[in-house]
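Colleague: I'd like to learn how to read a protein model, one feature at a time. Could you walk me through one?
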Amino acid sequence: MKRRLINKELWYSFIAILKYFPKALIRPQVDGLLFYEPEKQAEFRRRVQSLTPGSKRVWGTMVAAQMLHHLNLSLGGALGYFDLWDESYGLSRTVFKWLLVDFFPEQPRGLRMPLNFVIPHDATYDFEQEQKLLLGILDKAWTTPTEALGAASAVRQADPQTMG
């Protein structure tokens, strides 16, 4: 536990979150249900398909194939494609998850990698395979029904003004 509290990467992320906080208060929140709208699905598909192995990163340190692998792990892990261990602990499961996932409209720049991050800087991945896998994972995510999505869709269909 001491190693995790003294970890400088955790503190850099904490500073990035604190610096981003004022922006988060004035930026409009993202409606997560837009992920299931056909227009957004087409946009996400187009963005993934337009990537090339030499695509320039906007921020961070990963190359395109590493980022695709990272997205595959995060999205695919939730859908059962990968069996990933839970590397979180009390603070990250509660405060950071709520801030980064539920409160902030976007990810703050300057977040650091977790202690046991599974994608080392020198790791290489097959770009085309990772791209194809991500498109498959997205298709599964868009077609996998959930109780929460079903309830929200029913509300949206009953009263489109309710959900924005």
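Predicted model: local features only at pLDDT ≥ 70, side-chain atom pairs only at ≥ 80, totals over all residues.

Colleague: How many helices and strands does the chain have?

Modeller: Helices (H or I, at least four residues) and strands (E, at least two) are DSSP runs, numbered from the N terminus. Here you get seven helices and zero strands, so from the N terminus on the order reads α-α-α-α-α-α-α.

Colleague: And what share of the chain is buried?

Modeller: Buried means under 20% relative accessible area, exposed over 50%, and partly exposed in between, with a 1.4 Å probe and protein chains only. Of the 164 residues, 26% count as buried. The accessible surface is about 11,400 Å², and carbon and sulfur atoms account for 60% of that. Those areas come from the Shrake-Rupley method with a 1.4 Å probe; for residues, only the protein chains shown count as cover.

Colleague: What about contacts along the sequence?

Modeller: Contact means heavy atoms within 4.5 Å. Take the contacts between residues at least 6 apart in sequence: 81% of them join residues at least 24 apart.

Colleague: Let's zoom in. How do I check a helix such as α6?

Modeller: Compare its span with the expected one, which is 1.5 Å times one less than its number of residues. Helix α6 covers residues 127-143, 17 residues in all, and reaches 24 Å from its first C-alpha to its last, close to the 24 Å expected.

Colleague: Which residues of α6 are buried?

Modeller: They are Phe 127, Glu 130, Gln 131, Leu 134, Leu 135, Ile 137, Leu 138, Ala 141 and Trp 142. These cover an arc of only 165° around the axis, which puts them on the same side of α6. The arc is that of the directions from the helix axis to the C-beta atoms. On the other side of α6, you'll find Gln 129, Lys 132 and Thr 143 exposed.

Colleague: What covers the buried residues of α6?

Modeller: The cover includes α3 (38-50) and α4 (64-78). Start with α3: its axis and that of α6 come within 10 Å and cross at roughly 170°. That makes α3 roughly antiparallel to α6. On the angle scale, under 35 degrees is roughly parallel, over 145 roughly antiparallel, 65 to 115 roughly perpendicular, and the rest oblique. Axes are lines fitted to C-alpha atoms, for helices over the stretch in contact, and angles run from 0 to 180 degrees between N-to-C directions. On the α3 side, the residues making the contact include Phe 44 and Val 48, and on the α6 side they include Leu 134 and Trp 142.

Colleague: And α4?

Modeller: Its 15 residues should span 21 Å, and its end C-alpha atoms are 21 Å apart, which agrees. Its buried residues, among them Leu 68, Asn 72 and Leu 73, pack against α6. After α4 comes Gly 80, whose phi is positive, near 90°.

Colleague: Is Leu 134 buried or exposed?

Modeller: Leu 134 is buried, at 1% relative accessibility, whereas Leu 75 counts as partly exposed, at 33%. Leaving aside neighbours within four places in sequence, Leu 134 is in contact with Val 48, Leu 68, Leu 71, Asn 72 and Leu 75. With residues up to four places away not counted, Leu 75 touches Leu 134, Ile 137 and Leu 138.

How values were computed:
Residues numbered from 1 in each chain as written. Heavy atoms only, no water.
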